[in-house]
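Thanks for coming. Please look at the model first.

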There are 2 protein chains.
Amino acid sequence: MEIIETIGVLKKEISKFREQDLKVGFVPTMGALHDGHISLIEKARQDCDVVVVSIFVNPAQFGPEEDLLQYPRDLGRDSKFCEEKNVDILFVPSGYEIYPTNDDALHISFPKYTTRLCGKFRPGHFDGVLLVMTKLLNIVEPDSCFMGKKDGQQLIIVDKLIKELNLEIELVGCPTLREATGLAMSSRNVYLNEEEYGKAQLINQTLERISTQQLNDIETAIAKEISKLQDVGLIVQYLELVDRENLDSVSKIETGKYMLCIAALCGSTRLIDNYFIDIDEQGEVKIDRGLRIDSLK
Amino acid sequence: MEIIETIGVLKKEISKFREQDLKVGFVPTMGALHDGHISLIEKARQDCDVVVVSIFVNPAQFGPEEDLLQYPRDLGRDSKFCEEKNVDILFVPSGYEIYPTNDDALHISFPKYTTRLCGKFRPGHFDGVLLVMTKLLNIVEPDSCFMGKKDGQQLIIVDKLIKELNLEIELVGCPTLREATGLAMSSRNVYLNEEEYGKAQLINQTLERISTQQLNDIETAIAKEISKLQDVGLIVQYLELVDRENLDSVSKIETGKYMLCIAALCGSTRLIDNYFIDIDEQGEVKIDRGLRIDSLK
């Protein structure tokens with residue numbers, strides 16, 4: 001595995017692969033790799049000839065009050081993971097490499113999609129994601145890009161970015177990985193103390209209950225579930241059923257593709273989770289919960 | 001010459017050229033081609049194996065009060081010009097092709113550069129330019145892109161965009177072409193009536209006078225020249241000497257790369273012009289006025 005820090009060297013290496021008509025898969029991450037990331041890398045390894053993983057804790061997607069400085073970093077451990085998974089190139093650019101002109105940076109936004117849900121509680125966050133993804137996709141020029149469904153809004157926004165910019169990149173949304181308790185894996189789970197960790201399990205249970213029992217009266221269900229979570233001290237930022245096409249909130253389900261999504265503060269840690277829910281013409285409900293790690297063993 | 005209307009067909013054609021390792025040159029235009037455009041095409045023809053010209057009157061770069069609907073269009077004449085100049089591909093996408101999702105479009109901005117000079121008087125204009133150029137450059141993926149120095153701020157902003165997005169595209173700024181009177185060629189010159197056409201000549205004369213006689217006391221010169229132009233009824237939006245690196249206004253010149261630039265309303269027609277002025281370490285002044293058409297014959 002080659003570890004590359006500069007855009008120039010990376011582009012040169014990738015152009016060699018392209019000349020050989022090899023299919024390049026790209027997994028953009030912020031490091032602190034967990035099994036969720038590993039599954040993205042494995043999927044890329046399956047689908048592509050060459051796998052490029054980037055680790056870049058993107059300052060542009062953190063708000064001034066957020067956890068940019070505390071965000072877990074462990075390049076030694078991350079690079080060992082990548083090596084074990086036969087990653088070909090690990091791209092670890094510095095901030096200066098990605099944002100050489102800090103004071104006058106480009107702004108990219110998608111107001112209709114970036115100000116809802118997480119965007120409402122993290123103003124500017126998705127603009128930062130759009131900027132770094134536009135840069136990374138132009139740098140790596142992959143055939144396929146692998147991202148997790150856990151960050152559902154991000155996945156939908158990047159999909160729209162790729163279409164808007166007419167990039168010839170296949171975006172592959174990979175299943176959310178869950179601990180045995182159902183808690184969605186996240187680099188931020190390390191922030192949770194024992195008590196918070198216990199409460200965090202309720203988030204997934206909420207999605208499970210609504211999606212399996214209460215889809216018919218979604219507004220009542222959401223109000224009830226929010227109040228339950230608040231009762232145990234979780235602060236719910238949103239709990240919504242949205243249309244995956246346009247992120248519009250939905251109160252009555254018909255045939256379509258939806259995302260039941262939640263963000264809640266558990267202590268000072270912000271956790272998000274979602275289920276992708278598809279309803280076909282026959283009214284059959286298909287729920288994509290992702291994968292529980294115990295079911296994989 | 002092939003005339004192509006869709007992104008899919010264009011990408012397919014261009015990928016054939018790329019497989020043959022041919023150098024692709026791209027000239028983005030809004031049509032109403034004049035000698036200024038022709039010189040861009042000729043330069044692309046000289047430097048590249050394949051020349052792609054686009055004609056797209058980009059609605060995103062026109063303000064609500066501006067001349068989108070009146071903007072001169074003559075595809076028959078334009079395509080004849082391109083044919084004569086041995087253009088390989090003329091790309092004429094519809095609005096729907098470039099902006100399939102009109103209501104929720106991506107926004108791209110570069111606040112430090114897009115709100116000054118022309119950006120101040122045409123709010124949103126450069127955001128529209130950035131958006132369409134990001135799209136077109138990703139669609140065509142040229143080796144070189146040819147744009148006129150006449151739209152100096154646009155050239156500088158697109159240069160910064162290409163660097164910010166790490167696109168491997170050489171941006172070639174081509175000289176402003178001028179009529180025998182010195183008036184910079186522009187598709188908008190057709191809007192001028194005879195009297196306005198006479199007054200429009202004063203714009204270039206102003207740049208000439210300041211750059212050759214008054215660079216040492218630029219603030220006084222600018223104030224005096226603005227008042228002269230206003231006296232004959234031209235409404236000067238700006239007349240500034242700016243640093244080409246950062247578009248900052250400059251009141252005292254030293255070694256550096258500058259742009260003396262002007263925008264003025266002549267009747268209801270908005271005209272712009274500029275001289276690129278370089279001052280070397282020895283204090284020698286090099287003025288790039290572009291080319292007068294009479295000097296070419």
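Axes here are lines fitted to C-alpha atoms, for helices over the stretch in contact, and angles run from 0 to 180 degrees between N-to-C directions. Helices (H or I, at least four residues) are DSSP runs, numbered from the N terminus. This is a predicted model: local features need pLDDT of at least 70, side-chain atom pairs count only at pLDDT 80 or more, and totals for chains, interfaces and linings use all residues. Residues are numbered from 1 along each chain as its sequence is written, with chains lettered from A and ligands numbered from 1 in the order in which they are written.

In chain B, helix H7 (residues 125-140) packs on helix H8 (residues 152-164) at about 50°, the axes being 11 Å apart. H7(B) and H8(B) are therefore oblique to each other; angles under 35 degrees count as roughly parallel, over 145 as roughly antiparallel, 65 to 115 as roughly perpendicular and the rest as oblique.

In chain A, helix H9 (residues 194-213) and helix H10 (residues 218-231) pack at about 160°, again with axes 11 Å apart. That makes H9(A) roughly antiparallel to H10(A).

Now the copies. Superposed by least squares on the C-alpha atoms of residues with pLDDT of at least 70 in both, chain A can be laid on chain B with an RMSD of 0.0 Å, by a turn of 180° and a shift of 0.0 Å along the axis. The two copies are thus related as by a two-fold rotation axis. Within chain A, A:Ile108 has the C-alpha nearest the axis, 2.2 Å from it.

How values were computed
Helices (H or I, at least four residues) and strands (E, at least two) are DSSP runs, numbered from the N terminus.
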